[in-house]
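Hi,

Here is the structure I promised to pass on.

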2 protein chains.
Amino acid sequence: MASEFDLIARYFTRTAPTGLLGVGDDCALFPVPPGEQVATSTDLLLEGRHFFPDVDPKSLGHKALAVNLSDLAAMGARPIGCVLGLALPRLDEPWLAAFADGFHALAAVHGCPLIGGDTTRSAHDLAISVTVFGAVPANAALRRDGARAGDDIWVSGELGAADVAYRLLDGQYPADPERLAATRGALEWPEPQVPLGLALRGIAHAAIDISDGLLQDLGHILAASRVGAVLHEDRMPAAAALAGLPAQALRRAVLGGGDVYQLCFTAPAGRRDAVLAAARSAGARVTRVGGIVAREPAQDAMPAATRAGDTSAPAGAPRLVVLDATGQPLTQLPAGFDHFPGA
Amino acid sequence: MASEFDLIARYFTRTAPTGLLGVGDDCALFPVPPGEQVATSTDLLLEGRHFFPDVDPKSLGHKALAVNLSDLAAMGARPIGCVLGLALPRLDEPWLAAFADGFHALAAVHGCPLIGGDTTRSAHDLAISVTVFGAVPANAALRRDGARAGDDIWVSGELGAADVAYRLLDGQYPADPERLAATRGALEWPEPQVPLGLALRGIAHAAIDISDGLLQDLGHILAASRVGAVLHEDRMPAAAALAGLPAQALRRAVLGGGDVYQLCFTAPAGRRDAVLAAARSAGARVTRVGGIVAREPAQDAMPAATRAGDTSAPAGAPRLVVLDATGQPLTQLPAGFDHFPGA
């Protein structure tokens, strides 16, 4: 007879680092360095919505934490720890063991131990909530509202592979085992860019992680910073595994594809060397894909279809223009991801 | 067309207090007073498991936050803020508005503003995850492992009403509108004992909040503190609305009933006046219901059926004895709550 408490103890208790009170009291406790603030982010992941029911549980444990660490990365925060809520439709110990392995392995890489949690039984679906905590010196956080006209726009890593893997697994694209093998890692094992976020403190003006697609997420920076942007499609770091895709699918994957968990950030054009040095120190690849411009650079000259980013933006919202290889603005942009598309 | 982002903005964005970066960036940010630690707790609540599908959404918003604030109360932590994850099977704006009202109203009472969140669509059930943050001076937290032989055992508020309301609503008891009216508030509008937890700093040796039943939760204190306990059934602060229940139902409600969100705590017998003064200052009622004894006071003399608390306790676990009105130990105790009873 395994009780809920056994389960927690067996798979989710690790020896907490000094100063942290881990799983096993009403609250977990952790100290914060003097002069630093706490950065926190939470995600609720659901079977059938954010992952396939038959997903490898080890990769799911990895990804559940990775998407939250990616938010810390986008703030330039150093991970402190995390808490986990798990609602399980059944008690499947091999599944739990693999999930815990994937979770703890990534936690160890980034110094983000599990310090508390809640497990419960669900009626239907598996649900996973993760909340992460990090620390960042006051006023050093990379926010969304700091982009300025004249900034370069940068993207880390590669774009598009996760979108293609998702559509292959979902049956939207015809079966292509070779392409699936080349793209699946990007979907199931995203690598949060924590070292890059830390290295960009004091250099980047604004940052966000790409979870819903480059255009949509950059749109949040533009809205918060009240600026516009011009992107160059031919500078995008498309994943090599996308070669040979139809042009429309390629564009959708690169500009609109979600689940990327790379950083999009802006920095002054005068700091290009500093950006490249930061990326080198973090072991990250970064690509300059466009620039920030004053708000609504050519509002009247652009067709409405070039509006993107926050789909709920009111009239007069910041403008995002994507130029194709010939320098012409795209007249139709991939839509962003919306959890309530029919609403 | 309301997008997910509209929803968040409309119902869950409030002006964050100074120093807090609220909903709308990759992470929320908050400062922590020098010398204090962060206390955090997370809960994942599911439709059909933790609440009825037709529950009043305003009370659900209240309770989703209340159960987490109760964990801060049990640590003696002052609330700082919270984050919310919501998975909704459909977009029901009146429901959302009422849920948000209940949530924000309790947040305002306890100075625990919503500073971040995640909304998503679920395939079947409503799921709610809440994570709260509080602050407590280093070494002042009320933990589970501080109980000592000779301590009194105290309980705040009343016991049993939430259990009876739950069983009435669930159809386990015959319909009794009068008793339901008298008990339902305890189930749906629990009041977290945050002021009492703060007032008990420096007085209580150990504390826990009663979520799974007095015996089960006190069992966690006993296990963590490696002590035993003797409780007096006739001292229990049973809710007045329980009058007239069959003896077995009454006992089950008072000793085993969950969803109480009152505090169970221990304090030295020499600090009774201080406990009562702390309770007065917090506007709380407290009742002395028993005492802590050295571990396994009479291991061989007690029948196995008197073991309670952590049901997974190994042989030689701390002993919990409940004496009835005649001073005889109960030979059968209500079982604690286990989310995986069939496992």
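Which domains does the domain assignment of chain A give? Domain 1 (4-137) and domain 2 (151-323), with bounds that come from an automatic or database domain assignment.

Some housekeeping before the rest. This is a predicted model, in which local features need pLDDT of at least 70 and side-chain atom pairs count only at pLDDT 80 or more, while totals for chains, interfaces and linings use all residues. Residues are numbered from 1 along each chain as its sequence is written, and chains are lettered from A and ligands numbered from 1 in the order in which they are written.

Back to the two domains of chain A: 19 residues of domain 1 are in contact with 18 residues of domain 2 (contact: C-beta atoms, placed from the backbone, within 7 Å). On the domain 1 side, α2 (57-75) and β3 (78-88) of chain A are the elements that give two or more residues, and α2(A) has the largest share, with 12 residues. Helices here are DSSP runs of H or I with at least four residues, and strands are runs of E with at least two, numbered from the N terminus. That side of domain 1 splits into 10 nonpolar, five polar and four charged residues (nonpolar: Ala, Val, Leu, Ile, Met, Phe, Trp, Tyr, Cys and Pro; charged: Asp, Glu, Lys and Arg; polar: the others, Gly among them).

Next, the sheet. In chain A, six strands form an open, mixed sheet in the order β7-β9-β6-β10-β8-β11 (strands pair if DSSP finds at least two bridges between them). β7 (206-209) and β11 (320-323) of chain A are at the edges with a single partner strand each, so one side of each has no neighbour in the sheet. Inside the sheet, β8 (residues 228-232) and β10 (residues 286-293) of chain A run antiparallel and are joined by four bridges, with A:Ala229 opposite A:Ile292.

Over in chain B, is helix α4 (residues 161-169) largely enclosed or left open? Largely enclosed by the rest of the structure, because seven of its nine residues are buried, among them B:Asp163 and B:Tyr166. Buried means 20 or more other C-beta atoms within 10 Å of the residue's own, exposed means 12 or fewer, and partly exposed is in between, with C-beta atoms placed from the backbone. The buried residues of α4(B) pack against α5 (177-188) and α8 (247-256) of chain B. After α4(B) comes B:Gly171, with a positive phi near 80°.

Cheers
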